[in-house]
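Visitor: Could you walk me through this model, starting with a loop and then moving on to the packing and the contacts?

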Amino acid sequence: MPLIPVVLWTDALVFILLALGVGFGIYAAQHEHLRAPWRQVLHTRTGVITLLVLSSYALIGILDTVHLRLKLPPTTAAAPAQYAPEVVSLLDLALHGLRERQEKTYSAPLATHLFTKEVIEQPDGTLRRDYPRLLHGGRHLTAPASERSADLGWRTVRGAVKGLASWALLTGGILWLVARRRGEPLAQYWLALRRSPHLQPGRTALITLAVLMSIGFIAAELAAAYHLFGTDKVGEDVFYQALKSVRTGLLIGTLTTLVMLPAALLLGIAAGYFRGWVDDLIQYLYTTLNSIPGVLLIAAAILLLQVYLANHASEFTSAVERADLRLLFLCLILGVTSWTGLCRLLRGEALKLREVDYVQAAQALGVGHFTIITRHLLPNVLHIVLITVVLDFSGLVLAEAVLSYVNIGVDPTMNSWGNMINSARLELAREPVVWWSLTAAFIFMFVLVLAANLFADVVRDAFDPRLR
Amino acid sequence: MIAYLVRRALYALPILIGVNLLTFILFFVVNSPDDMARMQLGDKRVTQAAVDSWKQERGYDRPLLLNPTATGIAQFTDTIFFEKSVRLFVFQFGTSDAGRDISYDISQRMWPSLAIAVPVLLVGLALNISYALLIVLLRATYVDLASTVLLVALLSISGLFYIIGGQFLLSKLLHLAPISGYDTGINAWKFLVLPVLIGVVSGIGAGTRWYRTLFLEESSKDYVRTARAKGLSELRVLVRHILGNALIPILTGVVVILPLLFMGSLLTESFFGIPGLGSYTIDAISNQDFAIVRAMVFLGAVLYIIGLILTDLSYTLVDPRVRLQ
């Protein structure tokens, strides 16, 4: 085998989450009352655009979640297969060039020369202090000063053309499939798509896709020969770091909710349904947890994890594994601090629902508590769960950056926007300013959070029965 | 009223005990004081003697819950649980792991925190409410649409960006305010302008959106239609009727955080070098000073509960229908 797959703890949870998502999608598609709100989401322009943007982030994140170890080239013919100790992801393989092309230190975005002066030996043997050429960025240019802008422009155009061409191919394929399923000629369907107000979401989706694919191809074209967002202090490509951080951001936003969901659902519904001492106990539990300032609880838990890791260093085979455990633990503890809000909402809803006629009828007919909860209460609070999950997502992504700044976030060796900001913020004091690491991290974060916030609004409008 | 307060205070007691037990378990049971000492002393091959002396200096050398060597009541009092956790109930925070008096530090550092948090709260409140009222007044116009977009964008920007960007733009490029630092007495104002400004700006997105939702919800109610039908001007309806009735949810949000203002803001204070409780907490976290973190957890919980009680009391002031008994 040329590789062995590696499944980290968070990877496994992501796969579970994906399976749950697909399962829920299939279930929802078969039930009209669940399909209707989603159709409403997809019939708003914001809904379609944000969903596509979020999907592109998700695609990067999922590619980065499939981890493996590559086979090393055999030393002798008879030797047993050896595998590289380093764990890489599919994204690493796709960005192979970006990961390897390391410079000496800072360089500006799309630069051909290093950011700091060095002593360079001239061909005639004399020494001169100047900005040296980069090892990789703009390597193919012979006279960078005159050729660079033309080369950049040419690459941008080529990227845009490539992007639009692949978009046209993809669109053609999709349209052909849809037209065949509807039994219409392709040309007629195309005309309908351009005119009909009924197909507005489809138009929006295609235009968004065109923009996204052009941006993607232009970025790929430029990143192939330059450092799109420059390089950081140790010369690592900032664009690569920002892409790698996508997974961390998405994981914090989704896994946190996943780990808190069972507890919040179970306790919230139990408190509202059973009332009495169960209610008192659960209320006490969440009031106590809620009264501890969230940051301090996280800090305390992470400090303790650090003590544990420091004293049990030998139990981890690789740094990736340790960083992964810390990420999982962070999700857990963030979940502990944030489940109380959902729990309270669910309790209130369950209190209301237990007085509804059909629940009373079920009780009168002797239906068991468990059946009542799973058949009658659970489906009726799912919209609250969904809205909370989507609303919490953006807050958690932003929280990651803040926590990493306080050093109680993800492992310092892990790629994350918070770590990027944390290590780059002192560089603003330099003269001239090193601004690109911060900018890249903030842009990636802003686009994700903005899309998530807009999407959350659309989802809330579609699912909240009070707003319907 | 008095009876209500007493009952609420008694109800708070088990919660505080819960918080206390939780921190005790987190800090002393999950990881023993030995682990802490090793971590603090840094080296893996640290001698047991060094660990013991570190523990003794800080009073961590007692048994956790029960001291069999002592006699009488001292069996319970001469323990880590009593010395380090139970004493928190009477606000005896003891000394930090670095040897400083925590209560004194808190009493000193509280004021700079308040000097930032109170203006941020007041200015932010006034600004957000007036902006939200303006949006509701001009609803279904381009102002409304543009504001909605602007607010979502503001909301999506990381808090770190506001601080780093504001510091860079206003202090480094325009030299309008000092980058960081603090001064005693009235001279502190020029160090406060920038953090307060940034605090207010970073809160506009979330704050205004929240008030806008409140006002819109309120404006769809029957009494508003009645008021309009009577021929009242839109502005009067907005300020007298809608704002007046929206005061209850506004108060719930504001009063509950009032006591927590003492805790200060972690990010702002540490970025601007302001010696408040927020930067105190951050320093404690990065120096791994467990005594301070424990004290702040307890203080935060107490302040949160006070906030909840204050919220209930404030209802009686704005809503005559609410009676506490």
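**A loop in chain A**

Visitor: Where is the place of A:Gln82?
Guide: A:Gln82 lies in the loop between β2 (67-70) and β3 (88-89) of chain A, where strands (E, at least two residues) and helices (H or I, at least four residues) are DSSP runs numbered from the N terminus. This is a predicted model, in which local features need pLDDT of at least 70 and side-chain atom pairs count only at pLDDT 80 or more, whereas totals for chains, interfaces and linings use all residues. Residues are numbered from 1 along each chain as its sequence is written, with chains lettered from A and ligands numbered from 1 in the order in which they are written.

Visitor: Buried or exposed, this A:Gln82?
Guide: A:Gln82 counts as exposed because it has 11 C-beta neighbours inside 10 Å. With C-beta atoms placed from the backbone, a residue is buried if 20 or more other C-beta atoms lie within 10 Å of its own, exposed if 12 or fewer, and partly exposed in between.

Visitor: What separates A:Gln82 and A:Asp280?
Guide: Their C-alpha atoms are separated by 59 Å, and the two residues are 198 residues apart along the chain.

Visitor: Zooming out, how many helices and strands has chain A?
Guide: Chain A has 16 helices and 5 strands, and its C-alpha trace spans about 100 × 70 × 55 Å along its principal axes. Of its 468 residues, 38% count as buried. Among the contacts in chain A with a separation of 6 or more, 71% join residues 24 or more positions apart, a contact being two residues whose C-beta atoms, placed from the backbone, lie within 7 Å.

Visitor: OK, helix packing. At what angle do α12 and α14 of chain A pack?
Guide: Helix α12 (residues 319-353) of chain A packs against α14(A) at an angle of about 150°, with the axes 10 Å apart; axes are lines fitted to C-alpha atoms, for helices over the stretch in contact, and angles run from 0 to 180 degrees between N-to-C directions. The pair is therefore roughly antiparallel, given that angles over 145 degrees count as roughly antiparallel, under 35 as roughly parallel, 65 to 115 as roughly perpendicular and the rest as oblique.

Visitor: What about α1 and α9 of chain A, what is their angle?
Guide: Helix α1 (residues 9-30) and helix α9 (residues 238-274) of chain A pack at about 75°, with their axes 11 Å apart, which means that α1(A) is roughly perpendicular to α9(A). The contact is made by A:Thr10, A:Leu13, A:Val14 and A:Leu17 of α1(A) together with A:Leu251, A:Thr254, A:Leu255 and A:Leu258 of α9(A), and its residues divide into 6 nonpolar, 2 polar and no charged.

Visitor: Now the two chains: how many residues does the contact take from chain A and chain B?
Guide: The contact takes 35 residues from chain A and 37 residues from chain B. On the side of chain A that touches chain B, the elements giving two or more residues are α10 (276-291), α11 (294-311), α14 (369-405) and α16 (436-463), and α11(A) gives the most, with 10 residues. By class, that side of chain A has 27 nonpolar, 7 polar and 1 charged residues.

Visitor: Which domains does the assignment give for chain B?
Guide: The domain assignment, which is automatic or comes from a database, gives domain 1 (2-90) and domain 2 (103-318) of chain B. Their C-alpha centres lie 35 Å apart, and 12 residues of domain 1 are in contact with 10 residues of domain 2. On the side of domain 1 that touches domain 2, α1(B) provides the largest share, 8 residues.

Definitions and conventions:
Ala, Val, Leu, Ile, Met, Phe, Trp, Tyr, Cys and Pro count as nonpolar, Asp, Glu, Lys and Arg as charged, and the others, Gly among them, as polar.
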